[in-house]
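Please look through the model below, with the sequence beside it.

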Amino acid sequence: MADPNWRVRAAGPADADALSLVASATFLDTYAGSLDGSDLVAHCAAKNRPETFAGWASDPGDAVLLGEIVPGHAPVGYAVMTSTIDLPVALEPGDIELRRIYSLSRMHRSGLGPALMQAAVDAALRLGRRRILLGVWGENYRAHRFYERQGFAVVGTRQFRVGAVVHDDLVYGRSLLP
């Protein structure tokens, strides 16, 4: 059940600006102090463009979710499920990638994270998917704990570049089969 102060809903192309804003805000909120500031800014400028979110929201094989404060509908979290998987693991029929899931730190422990994850799982099931894959920075221990509580297990590793620095990530997977 959602907190009366926020909600999670499906996002569409018209939400691209809000998604771009919350994507950059949550990335900075999560990694400021851990990654170089100029690398963070450049990464957000390149990866969080409204056009990117509009494309995902327009693709019938993808799902984009938006967490927002009620009333006022200010964006405070989001999730993106993509059928185009960019992870170096053996893929199986029915895989989908949870490309992004973030919330502002002020929303931690509010239930928004688990609600975004459940909405992502529900979207994957509606799309006929059988396994969710995701990549996460190897040093983001808070996220590791969250994913493990949500039923994910490590299935591989990858390298992920932010600016000039290559980071080691873990790749997690979760079966959606009973």
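This is a predicted model: local features need pLDDT of at least 70, side-chain atom pairs count only at pLDDT 80 or more; totals for chains, interfaces and linings use all residues.

What follows is a walk through selected parts of this structure.

Residues are numbered from 1 along each chain as its sequence is written, and side-chain values use heavy atoms, with hydrogens and water left out.

Helix α1 covers residues 16-31. The expected span of a helix is 1.5 Å times one less than its number of residues; for the 16 residues of α1 this gives 22 Å, and the end C-alpha atoms are 22 Å apart, which agrees. Buried means under 20% relative accessible area, exposed over 50%, and partly exposed in between, with a 1.4 Å probe and protein chains only. The buried residues of α1 include Ala16, Leu19, Val22, Phe27 and Tyr31. Just after α1, Gly33 has a positive phi of about 95 degrees.

Helix α2 (residues 37-47) contains His43, which counts as buried because its relative accessibility is 11%. Contact means heavy atoms within 4.5 Å. Not counting residues up to four places away in sequence, His43 touches Phe27, Asn48, Phe160, Arg161 and Val162.

In soluble globular proteins, nonpolar side chains tend to be buried together. A nonpolar core is here a set of buried Ala, Val, Leu, Ile, Met, Phe, Trp, Tyr and Cys residues joined through side-chain atoms within 4.5 Å. The largest such core has 29 residues, of which Met81, Leu98, Met117, Ile132 and Tyr147 touch the most other members. At least two residues of this core come from each of β2 (63-69), β3 (75-82), β4, α4 (112-126), β5 (131-137) and α5 (141-149). Helix α4 supplies the largest share, 8 residues. A second, separate core has 19 residues, among them Ala11, Val22, Phe53 and Val162.

The largest pocket is lined by 47 residues, and Tyr31, Ile101, Tyr102, Asn140 and Tyr147 lie nearest its centre. A pocket is an open set of points on a 1 Å grid over the protein atoms alone, where a 1.4 Å probe fits, with protein on both sides within 12 Å along at least five of seven lines; lining residues have an atom within 4 Å of a point. The volume of the largest pocket is about 1100 Å³, taken as the space filled by probe spheres set on points joined across faces, edges and corners. Strand β4 (residues 95-103) gives the most to this lining, with 7 residues.

The loops hold several backbone features. Most residues other than glycine have a negative phi, and most peptide bonds are trans. The peptide bond from Val70 to Pro71 is cis, with omega near 0 degrees, and Pro71 is in the loop between β2 and β3. That loop also holds His73, whose phi is positive, near 65 degrees. His73 is partly exposed, at 40% relative accessible area. Arg109, in the loop between β4 and α4, has a positive phi of about 70 degrees although it is not a glycine. Arg109 counts as exposed because its relative accessibility is 76%.

Notes. Helices (H or I, at least four residues) and strands (E, at least two) are DSSP runs, numbered from the N terminus.
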